[in-house]
Amino acid sequence: LVIDEDEVRNRLVLKQTELQRRIAGTEATERKEVVAGDIDNAHQWEESDIRDDLDSQATGELGQVNRALARLDAGEYGLCMECEEPIPEARLKALPYATLCIQCAEEAEQRS
């Protein structure tokens with residue numbers, strides 16, 4: 001597997017920056033308190049919960065991106081963490097922080 005490390009690093013850093021901005025934007029939005037029976041506040045609370053879920057997803061994805069950058073620095077990027085075979089280039093282009101090849105990912109999914 002031949003990897004253009006500069007291209008991969010650039011894609012990961014761009015994704016990292018995007019996720020950091022998204023998280024910072026979510027944190028800047030204040031959470032409002034719900035007053036029982038107040039539909040407007042209940043709607044705002046629901047939106048706040050949705051933002052919290054999106055923030056949580058972004059935080060998880062940011063962790064994956066950071067770990068991919070660490071694997072790149074360690075010379076381990078692009079190798080399946082299960083079988084240690086190269087992850088196909090098409091999978092890495094679609095999901096640059098993939099840690100498993102398709103076969104191992106499917107097997108992991110079946111186990112869970």
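The largest pocket of this predicted model is lined by Val2, Ile3, Asp4, Glu7, Val8, Arg11, Tyr77, Glu89, Leu92 and Lys93. A pocket here is an open set of points on a 1 Å grid over the protein atoms alone, where a 1.4 Å probe fits and protein lies on both sides within 12 Å along at least five of seven lines; lining residues have an atom within 4 Å of a point. Helix H1 and helix H3 (89–94) are the elements that give two or more residues to this lining. Helices are DSSP runs (H or I, at least four residues) and strands are runs of E (at least two), numbered from the N terminus. The volume of the largest pocket is about 160 Å³, taken as the space filled by probe spheres set on the grid points, which are joined across faces, edges and corners. Its lining comprises five nonpolar, no polar and five charged residues, with Ala, Val, Leu, Ile, Met, Phe, Trp, Tyr, Cys and Pro counted as nonpolar, Asp, Glu, Lys and Arg as charged, and the others, Gly among them, as polar.

Residues are numbered from 1 along each chain as its sequence is written, and side-chain values use heavy atoms, with hydrogens and water left out. Local features need pLDDT of at least 70 and side-chain atom pairs count only at pLDDT 80 or more, whereas totals for chains, interfaces and linings use all residues.

The chain has four helices and zero strands, in the order α-α-α-α from the N terminus. Of its 112 residues, 26% are buried (under 20% relative accessible area; exposed means over 50%, and partly exposed in between, with a 1.4 Å probe and protein chains only). Among contacts (heavy atoms within 4.5 Å) between residues at least 6 apart in sequence, 51% join residues at least 24 apart.

The largest nonpolar core has 19 residues, and those with the most contacts inside it are Leu12, Val65, Tyr77 and Cys80. Such a core is a set of buried Ala, Val, Leu, Ile, Met, Phe, Trp, Tyr and Cys residues joined through side-chain atoms within 4.5 Å. Two or more residues come from each of helix H1 (5–28) and helix H2 (39–73), and H2 gives the most, with six residues. Beyond four places in sequence, Cys80 touches Glu85, Ile87, Thr99, Leu100, Cys101 and Cys104.

Val8, in helix H1, is buried at 11% relative accessibility.

Glu84 is in the loop between H2 and H3 and is exposed, with a relative accessible area of 62%. Its phi is near 65°, a positive value in a residue other than glycine. Most residues other than glycine have a negative phi.

The chain averages a pLDDT (the predictor's confidence in each residue, from 0 to 100) of 84, and 76% of the residues score at least 70. Confidence is lowest in H2, at a mean of 78, and highest in helix H4 (residues 102–111), at 95. Over residues 30–37 pLDDT stays under 50, and the model has twelve contacts beyond four places in sequence for this segment. Where pLDDT is low, the predicted coordinates should not be read in detail.
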